[in-house]
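Work through the exercises below with the sequence and the model in view. Each task is followed by a solution in steps.

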Amino acid sequence: MTAAHQHHAHTTRFRTLLTATATATAIAATVAAVTTGCTKENKTAPAPSTMASSGPSTDPQAADKDALLGVYRAFWDAQLKVYRSGSMKDTGIEKVAGDKAYSKVQTTRGYYVDHGYDVKGAPAHLPQVTALNMAAAPPSATITDCLDTSDYYKVEKSTGKKVETADDNRRHIATYQALRIAGTWQIRDFDISRDGTC
(Lines give C-alpha, C1' and ligand atoms only; values in the text may rest on other atoms or scores of the structure.)
Protein backbone atom coordinates (compact mmCIF):
# COMPACT_ATOMS: atom_id res chain seq x y z
CA MET A 1 0.00 0.00 0.00
CA THR A 2 1.33 3.39 -0.99
CA ALA A 3 1.73 6.25 1.43
CA ALA A 4 -1.17 8.06 -0.25
CA HIS A 5 -3.46 5.05 0.22
CA GLN A 6 -2.38 4.70 3.85
CA HIS A 7 -3.09 8.37 4.50
CA HIS A 8 -6.54 8.08 2.90
CA ALA A 9 -7.42 4.98 4.97
CA HIS A 10 -6.37 6.67 8.23
CA THR A 11 -8.37 9.77 7.35
CA THR A 12 -11.47 7.70 6.59
CA ARG A 13 -11.22 5.76 9.86
CA PHE A 14 -10.67 9.02 11.80
CA ARG A 15 -13.72 10.62 10.23
CA THR A 16 -15.82 7.53 10.96
CA LEU A 17 -14.63 7.58 14.56
CA LEU A 18 -15.48 11.29 14.90
CA THR A 19 -18.95 10.72 13.46
CA ALA A 20 -19.62 7.78 15.81
CA THR A 21 -18.38 9.75 18.80
CA ALA A 22 -20.52 12.76 17.92
CA THR A 23 -23.57 10.53 17.45
CA ALA A 24 -23.00 8.79 20.78
CA THR A 25 -22.53 12.12 22.51
CA ALA A 26 -25.77 13.47 21.03
CA ILE A 27 -27.70 10.36 22.08
CA ALA A 28 -26.25 10.56 25.58
CA ALA A 29 -27.19 14.23 25.83
CA THR A 30 -30.74 13.51 24.65
CA VAL A 31 -31.17 10.65 27.13
CA ALA A 32 -29.80 12.83 29.92
CA ALA A 33 -32.19 15.65 29.06
CA VAL A 34 -35.22 13.33 28.92
CA THR A 35 -34.23 11.59 32.14
CA THR A 36 -33.65 14.88 33.91
CA GLY A 37 -37.00 16.17 32.69
CA CYS A 38 -38.82 13.07 33.95
CA THR A 39 -37.04 13.17 37.28
CA LYS A 40 -37.87 16.82 37.76
CA GLU A 41 -41.50 16.24 36.87
CA ASN A 42 -41.75 13.22 39.16
CA LYS A 43 -40.41 15.28 42.03
CA THR A 44 -42.84 18.14 41.55
CA ALA A 45 -46.02 16.38 40.39
CA PRO A 46 -48.11 14.62 43.05
CA ALA A 47 -48.97 10.99 42.65
CA PRO A 48 -52.31 10.26 40.93
CA SER A 49 -53.81 8.87 44.15
CA THR A 50 -52.90 12.06 46.02
CA MET A 51 -54.54 14.24 43.42
CA ALA A 52 -57.69 12.11 43.45
CA SER A 53 -58.02 12.15 47.23
CA SER A 54 -57.33 15.86 47.65
CA GLY A 55 -59.51 17.05 44.78
CA PRO A 56 -63.15 18.12 45.03
CA SER A 57 -65.93 15.55 45.25
CA THR A 58 -66.99 14.07 41.93
CA ASP A 59 -70.63 13.97 43.11
CA PRO A 60 -72.35 17.07 41.66
CA GLN A 61 -75.04 16.77 44.35
CA ALA A 62 -72.62 16.52 47.27
CA ALA A 63 -73.35 20.02 48.62
CA ASP A 64 -77.13 19.47 48.51
CA LYS A 65 -76.76 16.09 50.23
CA ASP A 66 -74.58 17.59 52.97
CA ALA A 67 -77.12 20.36 53.57
CA LEU A 68 -79.94 17.81 53.71
CA LEU A 69 -78.13 15.58 56.20
CA GLY A 70 -77.41 18.65 58.33
CA VAL A 71 -81.14 19.36 58.51
CA TYR A 72 -81.78 15.70 59.31
CA ARG A 73 -79.42 15.87 62.29
CA ALA A 74 -81.09 19.11 63.42
CA PHE A 75 -84.47 17.37 63.12
CA TRP A 76 -83.34 14.65 65.52
CA ASP A 77 -81.87 17.17 67.95
CA ALA A 78 -85.15 19.10 67.99
CA GLN A 79 -87.19 15.89 68.28
CA LEU A 80 -85.29 14.84 71.39
CA LYS A 81 -85.81 18.29 72.92
CA VAL A 82 -89.56 17.89 72.35
CA TYR A 83 -89.70 14.48 74.07
CA ARG A 84 -87.54 15.56 77.01
CA SER A 85 -89.33 18.83 77.62
CA GLY A 86 -92.82 17.57 76.82
CA SER A 87 -93.40 20.68 74.71
CA MET A 88 -93.08 21.68 71.07
CA LYS A 89 -92.11 25.24 72.05
CA ASP A 90 -88.55 26.55 71.90
CA THR A 91 -87.21 23.33 70.40
CA GLY A 92 -86.71 24.45 66.80
CA ILE A 93 -88.86 21.57 65.53
CA GLU A 94 -91.01 23.88 63.40
CA LYS A 95 -87.93 24.88 61.36
CA VAL A 96 -86.91 21.36 60.38
CA ALA A 97 -90.19 19.42 60.39
CA GLY A 98 -93.46 20.00 58.61
CA ASP A 99 -96.62 18.25 57.49
CA LYS A 100 -96.83 14.60 58.66
CA ALA A 101 -93.37 14.63 60.27
CA TYR A 102 -94.38 17.48 62.56
CA SER A 103 -97.69 15.78 63.39
CA LYS A 104 -96.01 12.47 64.23
CA VAL A 105 -93.54 14.14 66.60
CA GLN A 106 -96.45 15.99 68.20
CA THR A 107 -98.45 12.76 68.61
CA THR A 108 -95.49 10.96 70.18
CA ARG A 109 -94.93 13.90 72.53
CA GLY A 110 -98.58 13.63 73.65
CA TYR A 111 -98.21 9.90 74.26
CA TYR A 112 -95.11 10.41 76.41
CA VAL A 113 -96.75 13.20 78.42
CA ASP A 114 -99.94 11.18 78.99
CA HIS A 115 -97.96 8.16 80.25
CA GLY A 116 -95.45 10.16 82.28
CA TYR A 117 -92.50 9.07 80.16
CA ASP A 118 -89.13 10.70 79.60
CA VAL A 119 -86.41 9.63 77.18
CA LYS A 120 -82.79 8.91 77.96
CA GLY A 121 -79.80 8.72 75.66
CA ALA A 122 -80.02 9.04 71.90
CA PRO A 123 -80.14 6.68 68.95
CA ALA A 124 -77.11 6.02 66.80
CA HIS A 125 -77.48 6.90 63.13
CA LEU A 126 -76.14 5.82 59.73
CA PRO A 127 -78.11 8.12 57.41
CA GLN A 128 -77.69 8.17 53.64
CA VAL A 129 -79.41 10.20 50.97
CA THR A 130 -80.91 7.45 48.83
CA ALA A 131 -82.88 9.71 46.45
CA LEU A 132 -82.47 13.35 45.47
CA ASN A 133 -84.44 15.18 42.79
CA MET A 134 -83.33 18.80 42.52
CA ALA A 135 -85.35 19.24 39.30
CA ALA A 136 -88.67 18.63 41.06
CA ALA A 137 -90.84 21.54 42.19
CA PRO A 138 -90.11 21.70 45.06
CA PRO A 139 -86.90 19.61 45.17
CA SER A 140 -87.44 16.33 47.02
CA ALA A 141 -85.28 13.74 48.72
CA THR A 142 -85.31 10.48 50.66
CA ILE A 143 -83.03 9.68 53.58
CA THR A 144 -82.62 6.09 54.72
CA ASP A 145 -81.20 5.57 58.19
CA CYS A 146 -80.30 2.63 60.38
CA LEU A 147 -81.55 3.63 63.83
CA ASP A 148 -79.79 1.85 66.67
CA THR A 149 -81.77 2.47 69.86
CA SER A 150 -79.58 0.36 72.15
CA ASP A 151 -78.75 3.49 74.17
CA TYR A 152 -82.08 5.26 73.65
CA TYR A 153 -85.02 4.31 75.80
CA LYS A 154 -88.06 5.53 77.77
CA VAL A 155 -88.19 5.86 81.55
CA GLU A 156 -90.98 6.63 84.00
CA LYS A 157 -90.52 10.22 85.17
CA SER A 158 -91.87 9.44 88.63
CA THR A 159 -89.56 6.51 89.35
CA GLY A 160 -86.79 6.71 86.77
CA LYS A 161 -87.50 3.07 85.95
CA LYS A 162 -86.77 1.95 82.40
CA VAL A 163 -89.85 1.13 80.36
CA GLU A 164 -89.36 -2.31 78.86
CA THR A 165 -90.55 -2.98 75.33
CA ALA A 166 -91.64 -6.21 73.68
CA ASP A 167 -89.39 -5.49 70.70
CA ASP A 168 -85.96 -7.03 71.26
CA ASN A 169 -84.68 -5.65 67.99
CA ARG A 170 -82.90 -2.38 68.66
CA ARG A 171 -81.90 -1.64 65.07
CA HIS A 172 -84.57 -0.45 62.65
CA ILE A 173 -84.61 0.87 59.10
CA ALA A 174 -86.13 4.35 59.00
CA THR A 175 -87.10 6.28 55.89
CA TYR A 176 -87.54 10.06 55.83
CA GLN A 177 -89.09 12.19 53.10
CA ALA A 178 -87.87 15.76 52.69
CA LEU A 179 -88.74 18.80 50.60
CA ARG A 180 -86.71 21.93 49.89
CA ILE A 181 -89.06 24.85 50.43
CA ALA A 182 -87.94 28.48 50.00
CA GLY A 183 -84.34 27.30 49.79
CA THR A 184 -84.44 25.27 53.02
CA TRP A 185 -84.77 21.52 53.49
CA GLN A 186 -87.49 20.22 55.81
CA ILE A 187 -88.38 16.70 56.92
CA ARG A 188 -92.00 16.16 55.85
CA ASP A 189 -92.75 12.55 56.71
CA PHE A 190 -91.05 9.45 58.08
CA ASP A 191 -91.63 5.76 58.66
CA ILE A 192 -89.76 3.40 60.99
CA SER A 193 -89.96 -0.26 60.03
CA ARG A 194 -90.55 -2.51 63.03
CA ASP A 195 -90.18 -5.70 61.01
CA GLY A 196 -86.79 -5.39 59.37
CA THR A 197 -83.38 -4.88 60.91
CA CYS A 198 -80.16 -3.30 59.72
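**Exercise 1: Phe-190**

Phe-190 is part of strand β6. The model is a predicted one.

Task: Decide whether Phe-190 is buried or exposed, and list what Phe-190 touches beyond residues up to four places away in sequence.

Solution. 
Step 1. The relative accessibility of Phe-190 is 12%. Buried means under 20% relative accessible area, so Phe-190 counts as buried.
Step 2. With residues up to four places away in sequence left out, Phe-190 touches Phe-75, Gln-79, Ala-101, Lys-104, Val-105, Thr-175 and Tyr-176.
Step 3. Another pair to find is Phe-190 and Thr-142: the two are 48 residues apart in sequence, and their C-alpha atoms are 9.4 Å apart.

**Exercise 2: the chain as a whole**

Solution. 
Step 1. The protein chain has 5 helices and 6 strands.
Step 2. The chain has 198 residues, of which 25% count as buried. Among contacts with a separation of 6 or more, 60% join residues 24 or more positions apart.
Step 3. The average pLDDT of the chain is 79, and 71% of the residues score at least 70.

**Exercise 3: the largest pocket**

Task: Say how many residues line the largest pocket, and which of them are the closest to its centre.

Solution. 
Step 1. The space in the largest pocket is about 730 Å³. The pocket is lined by 28 residues, and the closest to its centre are Tyr-112, Thr-149, Tyr-152, Lys-154 and Arg-194.
Step 2. The lining includes at least two residues from each of α3 (62-85), α5 (99-115), β4 (152-156), β5 (171-181) and β6 (184-192). By type, the lining divides into 13 nonpolar, 6 polar and 9 charged residues.
Step 3. Turn to Thr-149, which is in the loop between β3 and β4. At 14% relative accessibility, Thr-149 counts as buried. Leaving out residues up to four places away in sequence, Thr-149 touches Pro-123 and Arg-170.

**Exercise 4: the largest cavity**

Task: Name the residues that line the largest cavity, and find what share of the lining comes from α5.

Solution. 
Step 1. The count is 1 cavity of 30 Å³ or more, and the volume of the largest cavity is about 30 Å³.
Step 2. The lining of this cavity is made of Val-82, Tyr-83, Gly-86, Arg-109, Tyr-112, Val-113, Tyr-117 and Lys-157.
Step 3. Two or more of these residues come from each of α3 and α5. The largest share, 3 residues, comes from α5.
Step 4. The lining residues divide into 5 nonpolar, 1 polar and 2 charged.

**Exercise 5: backbone details in loops**

Task: Locate the cis peptide bond from Ala-137, then state whether Asp-90 and Ala-182 are buried or exposed.

Solution. 
Step 1. The bond from Ala-137 to Pro-138 is cis, with omega near 0 degrees. Pro-138 is in the loop between β2 and β3.
Step 2. Asp-90, in the loop between α3 and α4, has a positive phi of about 55 degrees although it is not a glycine. Its relative accessible area is 82%, so Asp-90 is exposed.
Step 3. Ala-182, in the loop between β5 and β6, has a positive phi near 55 degrees. With a relative accessible area of 79%, Ala-182 is exposed.

Note on methods:
Residues numbered from 1 in each chain as written. Predicted model: local features only at pLDDT ≥ 70, side-chain atom pairs only at ≥ 80, totals over all residues. Heavy atoms only, no water. 1 Å grid on protein atoms, 1.4 Å probe; cavity = no way out; pocket = protein on both sides within 12 Å on 5 of 7 lines; lining within 4 Å. Points joined across faces, edges and corners; volume = space filled by probe spheres on them. Helix = DSSP H or I, 4+ residues; strand = E, 2+ residues; numbered from the N terminus. Nonpolar A, V, L, I, M, F, W, Y, C, P; charged D, E, K, R; others polar. pLDDT = per-residue confidence, 0-100. Buried < 20%, exposed > 50% of the residue type's maximum accessible area, 1.4 Å probe, protein only. Contact = heavy atoms within 4.5 Å.
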